[in-house]
Amino acid sequence: MNLNRLIISITGASGVIYGKRLVEVLADTEYHIHLTLSEAAQVTLQEESDVHVDLDRFRMEDFIGRAASNIEYHHIGDIAASICSGSYITEGMVVIPCSMGTLAAISMGLANNLIERAADVCIKQRRPLVIVPRETPLSTIHLENMLRLSQLGVCVMPAMPGYYHRPQNIQGQVDFMVSKVLDFFGISNQLIQRWRGG
Ligand SMILES: Cc1cc2nc3c(=O)[nH]c(=O)nc-3n(C[C@H](O)[C@H](O)[C@H](O)COP(=O)(O)O)c2cc1C
């Protein structure tokens, strides 16, 4: 079954631009996107890109500058949203960027908010889950949480852009990570110049 439903969650790690760019690329595509931002993501969005969104009255225009008919926003406190249930079938989920707090909560199965619950559902249903953690340096706690998730089948994809495609600016570095996420889900994209051999 391929319903083209994908969950994108943005948490309060630095690098909110990664999540924003992923949403921009998938806006107005055939994918039905379920989008949730944490309260801390609202803060980093403001701090890192001067974009202000209201989580209670969310408007795509505020977030990416335009409406997008295929994007369904869910408030992080909406624990009755469709994506809370395993019976609502999706292709999987991306947490981008993923804070160490949300990483820890997911690895322990806390399910205290919509992001943590949707990730928990993906793990229990054996659906693809990509975590894009951002922190440095990493403590043993962070590393152990990542190891636990990896052993559960979660794809841990740290925000570590490569440079072999010779990015000319920050956008080029961001697109490297976004391209990796899209590739994981088999979503065709030409965001970066791919390696063709030395
Ligand atoms: C500007 C800014 C940058 C931050 N960068 C990071 C980061 O890179 N990684 C991280 O784990 N937390 C970072 N934090 C802290 C998280 O936002 C904080 O732990 C928060 O409680 C995470 O909540 P959430 O997981 O619900 O989004 C940052 C906070 C701010 C305000």
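Mentor: Six strands make an open sheet, in the order β3-β2-β1-β4-β5-β6, and their pairing is parallel. Helices (H or I, at least four residues) and strands (E, at least two) are DSSP runs, numbered from the N terminus. Two strands count as paired if DSSP finds at least two bridges between them. The edges belong to β3 (71-73) and β6; each has a single partner strand, so one side of each has no neighbour in the sheet.

A word on the source. This is a predicted model, in which local features need pLDDT of at least 70 and side-chain atom pairs count only at pLDDT 80 or more, while totals for chains, interfaces and linings use all residues. Residues are numbered from 1 along each chain as its sequence is written, and side-chain values use heavy atoms, with hydrogens and water left out.

β5 and β6 pair in the parallel sense over 2 bridges. I131 stands opposite V156 in β6.

Which residues of α6 are buried? They are H142, N145, M146 and L149. Buried means under 20% relative accessible area, exposed over 50%, and partly exposed in between (1.4 Å probe, protein chains only). These four cover an arc of only 100° around the axis, which puts them on the same side of α6. That arc is taken from the directions from the helix axis to the C-beta atoms. The face turned away from the buried side carries the exposed residues T140 and Q151.

What does the buried side of α6 pack against? Its partners are α4 (100-108), α5 (114-124), β5 and β6 (155-156). Contact here means heavy atoms within 4.5 Å.

Check both ends of α6. At its start, a side-chain oxygen of S139 comes to within 3.2 Å of the backbone nitrogen of I141. The cut-off for such a polar contact is a pair of N or O atoms within 3.5 Å; within protein, one must be able to donate a hydrogen and the other to accept it, and residues adjacent in sequence count only if both atoms are side-chain atoms. Just after α6, G153 takes a positive phi of about 100°.

Turn to α4, one of the partners of α6. Its buried residues are M100, T102, L103, A105, I106 and S107. Their cover includes β4, α5, β5 and α6. G109 follows α4 and has a positive phi, near 70°.

Finally, step back to the nonpolar cores. A nonpolar core is a set of buried Ala, Val, Leu, Ile, Met, Phe, Trp, Tyr and Cys residues joined through side-chain atoms within 4.5 Å. In the largest core, which has 40 residues, L35, L37 and F63 touch the most other members. Among the elements that give two or more residues to this core are β4 (92-98), β5 (129-133) and α7 (170-184). The largest share, 6 residues, comes from α7. A second, separate core has 23 residues, including I7, I83, C84 and A119.
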